[in-house]
Amino acid sequence: MEWPAQVEEAILEDIIGYISVLNTKIDLSHWELVPAYNSLTLINHKTAVDFDRFRSDLLAWYAQGYSVAKTKRYLWRLPVCYDLDFGIDMEEVSQNLGLEAKDIIDLHTSQKYTVYGIGFLPGFMYLGGLPKKLEIKRRESPRLKVAKGSVGLAALQTGIYPQESPGGWNIIGNCPVPMFNPNWDTPCFVSVGDQVQFYAIERAAYELYRIEGEVGIYKLKKTPIHA
Amino acid sequence: MLKVLKSGFFSTIQDTGRYGLLNKGVPVSGQMDAYSASKVNQLLENQEDAALMEITMTGPTLAFDEPTFICFGGADMSVTLNNEPIEAFKIHAIQKGDILSYGRLQKGFRSYLGVKDGFRTKRVLGSRSFYFPLTEKSHITDGMEIEYETISDFTPKLTALKVGALADETLLTVSHGPEFEILTHEQLDVLFDKEYSIAKEYNRMAYQLQENLSPHQSSILTSATMPGTVQLTPSGKIIILMRDGQTTGGYPRILQLTKDAINILAQKKYGDKIIFKNS
């Protein structure tokens, strides 16, 4: 299902509200719901679907509307170490944008970013709301290996590489908190519609949080968002 | 325990896949050619989700240290049990100390080895399918040991099945993807009922094709993708996502393969031909 092709909080709100309706209408053991930006994809792996009938049901449920979304949503505060050891593209970004590293860090940590989608890799968040001043093109040639936890910039997006992978974003820091762990009760704590705000940490705190994250005692900083 | 004496090119453990976490970016994974895999499990009278070994191109050499029953099928590889050739889609009894060896690939690309009651690698998020780093391993390696049940007593209802070779099929039945309408007449004229060749870039994540369509400028906001989604890059390259493919993507999704078409494509390798056919 598609909404107008715009990156807008109001559209995401509508999709999340609609998902709360669908949760009461369809058998979630058969369906997976994948929201992203302006779309909601319903995927059924198990049973055959009468497409035309299901389509008209979906539209009818949408038309019924929903009371304020009951889904709990959170603002997650995530630490980032902007040391040049991690922020391997910081100097280049600084030159290209004509900003001091300190200004880049201030701008990057000033915003609450909205999670418009999760995909590409387990736990990879598409974060919207980057300040215009930090808009920068992807690197000309992608790297074959970007370290786990790398925090990058590309166009008007920022995000964290949840695992080592190839990638073309400009890396300005590293987040020591694992974004996905198959052994947790909730393998990925963030959901589409949540918000993320970064805060800068020193190397020593980074090392501590990384170890806490690995052994599973890192305490996540979250606050409920009231719509 | 099954011991991997030689790992060969690329083998993994796969079941029917990992479901329920698409909205967290976790691909479905699972057997690339689910048809051949299901026939192997059927003959062994296994549960549908029993885990098999998916063997790609050059197979391993494996030693069994407990009795069981095995069956294999899919790509045509010369398989020997203690140096004697054995047949696909047939039940073979295994004794302690038996050595199973895979020889030259004759046809197709992926073969499935099943044991009675399936391989017992660790289940991660509901599935034994290898997908690194969710699972500890991305593929089997020399010296690795894989658990299975010891079974010396099994009278199969069927001892052999005649299974058609998917490697001979080239027609991929497709339906229209969400961005099908971006295709121009010029692109549509060459998309269907014409041969395309598999490019060098092909694996469990995606298959690329050698022939391009004309370039385009349409872009979409990142949206969901799934196994069998056919993407068209701005330069006109055609990418078909497979079982380990990413769960979201920003390229227009022009077509969607049927499940059968995914199974057929799973048996293709570099240079093989396929034809898209409208459903």
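I started with the chain pair: 27 residues of chain A are in contact with 20 residues of chain B, where contact means that the C-beta atoms, placed from the backbone, lie within 7 Å. Before going on, I noted that this is a predicted model, with local features needing pLDDT of at least 70, side-chain atom pairs counting only at pLDDT 80 or more, and totals for chains, interfaces and linings using all residues. Residues are numbered from 1 along each chain as its sequence is written, while chains are lettered from A and ligands numbered from 1 in the order in which they are written.

Next I looked up what chain A brings to chain B. 27 residues of chain A make up that side, and they divide into 18 nonpolar, eight polar and one charged. Here Ala, Val, Leu, Ile, Met, Phe, Trp, Tyr, Cys and Pro count as nonpolar, Asp, Glu, Lys and Arg as charged, and the others, Gly among them, as polar. Strand 1 (31-36), strand 2 (39-44) and strand 4 (113-118) of chain A each give two or more residues to it; strands are DSSP runs of E, at least two residues, and helices runs of H or I, at least four, numbered from the N terminus. Strand 1 of chain A has the largest share, five residues.

Then I turned to chain B, which is divided into domain 1 (2-164) and domain 2 (169-278), with bounds from an automatic or database domain assignment. Their centres, taken over C-alpha atoms, are 28 Å apart. The contact takes 17 residues from domain 1 of chain B and 14 from domain 2 of chain B. On the domain 1 side, I found helix 1 (34-43) and strand 8 (99-115) of chain B giving two or more residues.

Conventions. Two residues are in contact if their C-beta atoms, placed from the backbone, lie within 7 Å.
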